[in-house]
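Grab a pencil and work through these exercises with the model open beside you. Each task comes with a solution that goes step by step.

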Amino acid sequence: MEALKAKVDALLQEIAGTTITDAATLEQYRIKYLGTKGIIKDIFGMMKDVPGPQKKEAGQLLNSLKVQAEAHYAAHEHLKEGAAAGGAQVTDPSLPAVPVSIGTRHPLRIVENQIVGIFEKLGFVVAEGPEIEDDWHNFTSLNMPEDHTARDMQDTFYVSQNPDWLLRTHTSSVQARILEEGELPVRIICPGRVYRNETVSARAHCFFHQCEGLYVDKNVSFADLKQTLYYFVKEMFGEHTKIRFRPSYFPFTEPSAEMDISCSVCGGSGCSLCKHTGWVEILGCGMVHPDLLRNFRIDPEVYTGFAFGMGVERITQLKYQVNDLRLYSQNDIRFLRQFEQVLP
Ligand code: PHE
């Protein structure tokens, strides 16, 4: 054991003192110390002469020698690569730098930013809420009690630990959370991811993104809703875009409407995107239902409001003619790269 210790110490000193300056001296070092017939292999052979009780200590000693010898080799390994490249200098500092790819913004994020930016100009502020919601904020407070048929409009994922928890099916749950805080007036825009139990296809997905707006104040009318959305559409799709409202139903708004815009691809003359009607639906909206205001202790005789909700994927599809929803979550770099130039 003593002899072994002395030998290892001497070798460690020798290794530390070995200067490696190029590929040739590196290779000499490798053969001498680390090769199959090298010193370290040889010295491991001495293990068999170490008495049983000391074998563990000896093993550790030899291992640390091996690790240090290898580290000394690794620290000079770049010299070997230089040799492989014909002995030429590896880095030429006068060459232009290799461009570093920093990724791009996701198209949905680009469009979400555009939507939010337009409403911010009108004084809306961003509000966010949790993706795992409770029944009250996602359904009941929004005028959808437990047995309400409107719940079937949105096939829901429930959280198995707690039957009261679910993945929010719309960003309207954020409306509920903000109204609950009780501060009026409210003028918010709520972007976020939502979930529905749908089979994934080109036209449906089990998660997608919405942007919901809510404005509650004294004297808010349907005319305000209409002008606000008209402004949004002109900013988003251009000055010449037309809008139309169709009566619809949502439990949380009364009256409710769906809004169409003149087709962003054909301009209204008819194409496959608008199914030759010239119009495409982009959002649902309406005046906040008085019962919903009462749920949050707001007097509907004093306050009125409007709300609207749109799908970010839908707006992106219309702006950039993306025809398959699955593309958004496949992370195919050929798809994502096409949006590189859209925003800085
Ligand atoms: N939350 C509705 C949906 O997801 C959209 C909507 C929001 C409709 C606000 C009206 C008012 O379908």
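Which residue in E9 is the bridge partner of Val 216? In E9, Val 216 has Gly 305 as its bridge partner. Before you go on, a word on the ground rules: this is a predicted model, where local features need pLDDT of at least 70 and side-chain atom pairs count only at pLDDT 80 or more, while totals for chains, interfaces and linings use all residues. Residues are numbered from 1 along each chain as its sequence is written, and side-chain values use heavy atoms, with hydrogens and water left out.

**Exercise 1. Work out how strand E5 is paired and whether it is buried or exposed.**

Step 1: look at the pairing with E4. Strands (E) are DSSP runs of at least two residues, helices (H or I) of at least four, numbered from the N terminus; two strands pair if DSSP finds at least two bridges between them. E4 (residues 186-195) and E5 run antiparallel, joined by 10 bridges. Gly 192 sits opposite Gln 210 in E5.

Step 2: turn to E9 (residues 304-311). E5 pairs with E9 over 8 bridges, also in the antiparallel sense.

Step 3: check burial, where buried means under 20% relative accessible area, exposed over 50%, and partly exposed in between (1.4 Å probe, protein chains only). In E5 (residues 207-217), 9 of the 11 residues are buried, so the strand is largely enclosed by the rest of the structure.

**Exercise 2. Find the salt bridge partner of Glu 133 and say where both residues lie.**

Step 1: apply the criterion, a side-chain nitrogen of Lys or Arg within 4 Å of a carboxyl oxygen of Asp or Glu. The whole structure has 15 salt bridges.

Step 2: pick out the pair. Glu 133 bonds with Arg 177, with the closest N and O atoms 2.6 Å apart. Glu 133 is in strand E2 (residues 132-134) and Arg 177 in helix H8 (residues 172-181), so to speak distant parts of the chain, 44 residues apart.

Step 3: Glu 133 is buried at 1% relative accessible area, whereas Arg 177 is partly exposed at 26%.

**Exercise 3. Which residues are linked with Arg 246 in a network of salt bridges?**

Step 1: start with one pair. Arg 246 and Glu 281 form a salt bridge, their closest N and O atoms being 3.8 Å apart. This pair links strand E6 (residues 243-250) to strand E8 (residues 279-288), across 35 residues.

Step 2: Arg 244, Glu 258 and Asp 260 belong to the network along with Arg 246 and Glu 281.

Step 3: Arg 246 is partly exposed at 27%, and Glu 281 is partly exposed at 35%.
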